[in-house]
There are 2 protein chains.
Amino acid sequence: MQKLLGKINQRIASLKIPAKPAQLYNPVTYTLSLGGKRMRPLLTLLGYSLFKKNYERALDAAIALEVFHNFTLLHDDIMDNAPLRRGKQTVWQTWGSSTAILSGDAMLILAYELLADYEPVVLKKILPVFNKTALQVCEGQQLDMDFESQKNVSIADYLYMIELKTAVLLGAALKFGAIIAGAKKKDAELLYEFGKNTGIAFQLQDDILDVFGETEKVGKQTGGDIISNKKTFLLLKAFELANKKTTAKLKLLLNEKDEQKKVAGVKEIYHQLDVKKLAEKEMQKFYKKALSSLEKVNADSKKKKVLTDFTEQLMQRQS
Amino acid sequence: MQKLLGKINQRIASLKIPAKPAQLYNPVTYTLSLGGKRMRPLLTLLGYSLFKKNYERALDAAIALEVFHNFTLLHDDIMDNAPLRRGKQTVWQTWGSSTAILSGDAMLILAYELLADYEPVVLKKILPVFNKTALQVCEGQQLDMDFESQKNVSIADYLYMIELKTAVLLGAALKFGAIIAGAKKKDAELLYEFGKNTGIAFQLQDDILDVFGETEKVGKQTGGDIISNKKTFLLLKAFELANKKTTAKLKLLLNEKDEQKKVAGVKEIYHQLDVKKLAEKEMQKFYKKALSSLEKVNADSKKKKVLTDFTEQLMQRQS
């Protein structure tokens with residue numbers, strides 16, 4: 001896994017990003033150098049490796065997804081007014097919103113440039129997957145923004161939103177690997193389902209860690225979702241289960257200005273209603289669904305184990 | 001030409017833009033319905049028609065370029081803080097910046113979706129052209145923004161900027177038509193050069209019309225470039241030719257708050273230095289260069305005449 005990660009970071013560092021105009025391309029280089037788990041490209045390479053050796057062939061498609069993912073972060077940070085990303089200043093904070101918009105646009109095009117080098121038959125297969133997924137990610141981000149002001153958000157709405165915003169890209173990453181390796185259509189679809197449902201599980205875990213993670217391990221102050229009244233699984237479930245009195249208390253807490261008091265108060269209600277356990281159960285449900293798709297994939301079980309070792313490690317992560 | 005335009009608008013109206021999330025896709029539909037000259041798709045169809053009948057085959061690629069062009073306008077309007085586009089409220093004004101950023105992203109992806117349906121061999125040829133051109137347009141927009149605060153902008157810098165921001169897309173539009181019609185590489189390149197140099201001529205004419213056009217015909221208040229101190233060919237040429245006294249006067253005018261006085265003052269200097277005539281000369285130089293490329297294209301001269309009838313009509317436009 002370390003070797004794959006090395007290859008990915010090496011390829012990213014070797015990308016021929018033009019030098020000029022500096023204002024346009026410096027933010028691109030900056031964003032890509034911030035690191036991260038490189039989860040999406042790893043999934044592409046692991047997906048490829050289920051069916052074939054020499055994963056180098058899938059490397060550019062893998063990097064395209066990482067570049068795309070970083071493009072979405074760059075634009076999301078403008079929309080969310082976020083000052084920090086991976087502990088560093090966000091692009092719009094350093095270079096201003098206009099440059100951030102335009103550099104993001106350039107990154108999206110650069111992602112397509114990485115796809116364009118594939119041979120015609122492969123290109124014809126991966127481009128529609130990329131397009132569809134990219135649009136879904138935009139839809140997910142829009143729903144996420146819509147939910148901020150929307151009164152009645154159901155848990156089903158929320159799960160659909162994270163499916164679009166986060167999960168489909170993990171599904172596409174695995175599918176990319178399968179397609180480029182020449183896997184059967186059915187296997188590529190099963191892998192997509194595995195990736196998608198694993199992605200939903202990951203996001204539920206992110207929600208849990210944001211509230212219950214240890215600050216040192218998560219690397220940021222926990223409780224951010226509570227402070228910003230983000231309608232996560234936990235909050236929506238709490239409202240679903242709360243009696244009249246608790247509902248009133250929860251509503252009051254949403255308007256609480258004292259952040260420490262707010263986080264402590266909401267956490268207490270989460271404890272009372274046991275929503276952490278319910279979220280973990282939901283998470284496991286999606287992960288199990290994911291695994292049942294993977295089981296059906298026609299590939300060597302040892303190779304599948306490499307993939308599940310990776311996802312399991314991510315499922316048990318503390319940050 | 002009217003028939004082609006009808007086909008283009010019909011295809012745009014028939015695009016399957018999803019209905020939901022409404023906040024994401026309504027701005028896309030809105031932007032595409034604002035109209036415009038549809039210059040880029042027309043060029044693709046005319047480029048195709050030089051070599052083959054049944055231009056319908058080039059229609060989706062033509063529309064992809066129009067969708068891309070409208071995406072750039074949508075994002076540019078956020079960056080430029082522009083309240084109006086084609087006499088209507090800009091997307092960011094109506095829906096807010098966040099939605100405008102995201103809807104623009106979705107439009108860029110929708111442009112790629114229109115390309116993805118081409119057969120593998122054609123796709124493999126048009127995708128790199130699209131990617132390269134799209135990146136160049138971003139670079140041009142960045143240079144345009146850079147120039148606002150840059151002190152020494154030369155006329156060569158300016159011409160390079162408009163080549164990237166405006167002209168290469170017209171070149172690519174014609175090249176798309178040629179590629180899809182199966183034209184020879186050399187002819188596709190010559191058409192690209194024709195489109196690119198015509199595009200530079202068009203932009204120079206836009207600069208002239210912005211200052212010297214009749215308000216009723218241009219459809220907007222003239223003098224906008226002067227008011228915003230835009231470093232156009234006219235202004236740069238004026239600074240190049242002005243003596244010490246006129247330079248000082250021009251510099252004073254750049255800081256003039258009274259807009260009418262400012263426009264009148266700068267126009268007077270333009271008259272004194274005859275920069276309008278020089279701009280027209282430059283414009284003709286690029287258009288002649290364009291025509292000399294077109295001459296070398298191996299295609300029926302009657303069909304070429306259809307193309308030059310169109311570009312000539314645009315060259316003589318008053319708005």
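**Note on a predicted two-chain model**

1. At 37% relative accessibility, Asp274(B) counts as partly exposed, a class that lies between buried, which is under 20% relative accessible area, and exposed, which is over 50% (1.4 Å probe, protein chains only). Asp274(B) sits in the loop between helix H14 (259–273) and helix H15 (275–296) of chain B, where helices (H or I, at least four residues) and strands (E, at least two) are DSSP runs, numbered from the N terminus. Its phi is near 60°, a positive value in a residue other than glycine.

2. Before going further, please keep in mind that this is a predicted model, in which local features need pLDDT of at least 70 and side-chain atom pairs count only at pLDDT 80 or more, while totals for chains, interfaces and linings use all residues. Residues are numbered from 1 along each chain as its sequence is written, chains are lettered from A and ligands numbered from 1 in the order in which they are written, and side-chain values use heavy atoms, with hydrogens and water left out.

3. Chain A contains 16 helices and 2 strands. Its radius of gyration is 20 Å, close to the 20 Å that the globule rule gives for 319 residues, so chain A is as compact as a globular protein of that length; the radius is taken over C-alpha atoms, and the rule is 2.2 Å times the number of residues to the power 0.38. Of the 319 residues of chain A, 57% count as buried. Among the contacts in chain A with a separation of 6 or more, 73% come from residues 24 or more positions apart, a contact being heavy atoms within 4.5 Å.

4. Where the two chains meet, the contact takes 41 residues from chain B and 41 residues from chain A. The area buried between them is about 3500 Å², of which carbon and sulfur atoms give 74%; buried area here is the accessible area (1.4 Å probe) that two parts lose on being put together, summed over both. On the chain B side, Ile109(B), Lys124(B) and Leu135(B) supply 17% of the area that chain B buries against chain A, more than any other three residues.

5. Ala238(B), in helix H12 (residues 233–241) of chain B, is buried at 0% relative accessibility, and it touches Leu250(B), Tyr270(B), Leu273(B) and Val275(B), not counting residues up to four places away in sequence. Lys175(A), in helix H8 (residues 155–180) of chain A, is also buried, with a relative accessible area of 15%, and with the same exclusion of residues up to four places away it touches Val129(A), Ala188(A), Glu189(A) and Tyr192(A).

6. Some backbone details deserve a careful look, given that most residues other than glycine have a negative phi, and most peptide bonds are trans. Arg38(A), in the loop between H2 and helix H3 (39–49) of chain A, has a positive phi near 55° and is buried at 5% relative accessibility. In chain A, a cis peptide bond with omega about -5° joins Lys20(A) and Pro21(A), and Pro21(A) lies in the loop between helix H1 (2–13) and helix H2 (22–33). In chain B, a cis peptide bond joins Lys20(B) and Pro21(B), with omega about -5°, and Pro21(B) is placed in the loop between helix H1 (2–13) and helix H2 (22–33) of that chain.
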